[in-house]
Amino acid sequence: MSNYSQWVQQKLRLGWAFLAAGVIVAAAGAWIGSEFAYLPYNFRIITGLGILLAGVGFSFLVRYWHARKNGAEARRVSAAERDERMLLIRARAGNRAFWVSLGLTYTGLMWASFAANGSLPELSGDTLWFFLAGAVLIPFIVYIASIVRDQNRL
Amino acid sequence: MKNRLEELRSQRGWTQQELADQVEVSRQTIISLENGRYNPSILLAFRLSRLFEMPIEDLFLYSPEEENHE
């Protein structure tokens, strides 16, 4: 077996491990939530974590499955993964997303500071939730948009 | 940066994918290199130089004016 095929097999094993862990964690979250519903905790967060892990595992399997028995395809997938232009594009996207994330976090921090001394209104629970969701989502959107843009430009 | 990749690749009858496989990059990178949109790392430049058996300066055509526009 070539080094490239071994590398693909390793990625597939990782995918299966994530998928299995995700299913176990999600099932555990659902079971605990139904058996211990009287406890004042929201166990959906455990189920959500399980779904996230399973999703990561599934994405690994989808990405590397077609290359598992084809040496040439394994080599191609490996080259695409380590492709220097793609690494540059991802690094640039990450850099842009980082600055956007920093800007949003700093804005939130400043708002909280000004709200504490009465200069700005306090953020309600819902508004805070939407702000935090935006602080996660907006840098992610910037990251994806930057990758798409640079793939066309570089 | 301008280069002679497309010309040299065509002379050898290779497809973009075949060239990409030989220097272990994606086909998109070869397309970008040939269009002059992307400048390779020194390692990739050396790999291409060895593959085509010619000095880097003959493969990639450096011009200071172009650098000022980047």
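1. pLDDT is the predictor's confidence in each residue, from 0 to 100. This is a predicted model, in which local features need pLDDT of at least 70 and side-chain atom pairs count only at pLDDT 80 or more, while totals for chains, interfaces and linings use all residues. Residues are numbered from 1 along each chain as its sequence is written, chains are lettered from A in the order in which they are written, and side-chain values use heavy atoms, without hydrogens and water.

2. Chain A has a mean pLDDT of 91, with 99% of its residues at 70 or more. Among the elements of chain A, the mean is lowest in helix H3 (residues 71–81), at 84, and highest in helix H4 (residues 84–116), at 95. Helices here are DSSP runs (H or I, at least four residues), numbered from the N terminus.

3. In the contact (heavy atoms within 4.5 Å), chain A supplies 12 residues and chain B 14. Together the two chains bury about 1,100 Å², of which 42% is on carbon and sulfur atoms. Buried area is the accessible area (1.4 Å probe) that two parts lose on being put together, summed over both. In chain B, the residues that lose the most area to chain A are Glu24(B), Arg37(B) and Tyr38(B), together 47% of what that side buries.

4. Two salt bridges are counted between chain B and chain A. A salt bridge is a side-chain nitrogen of Lys or Arg within 4 Å of a carboxyl oxygen of Asp or Glu. Glu24(B) forms a salt bridge with Arg75(A), at 3.7 Å from N to O.

5. On the side of chain B that touches chain A, helix H2 (16–23) and helix H3 (27–35) of chain B each give two or more residues.
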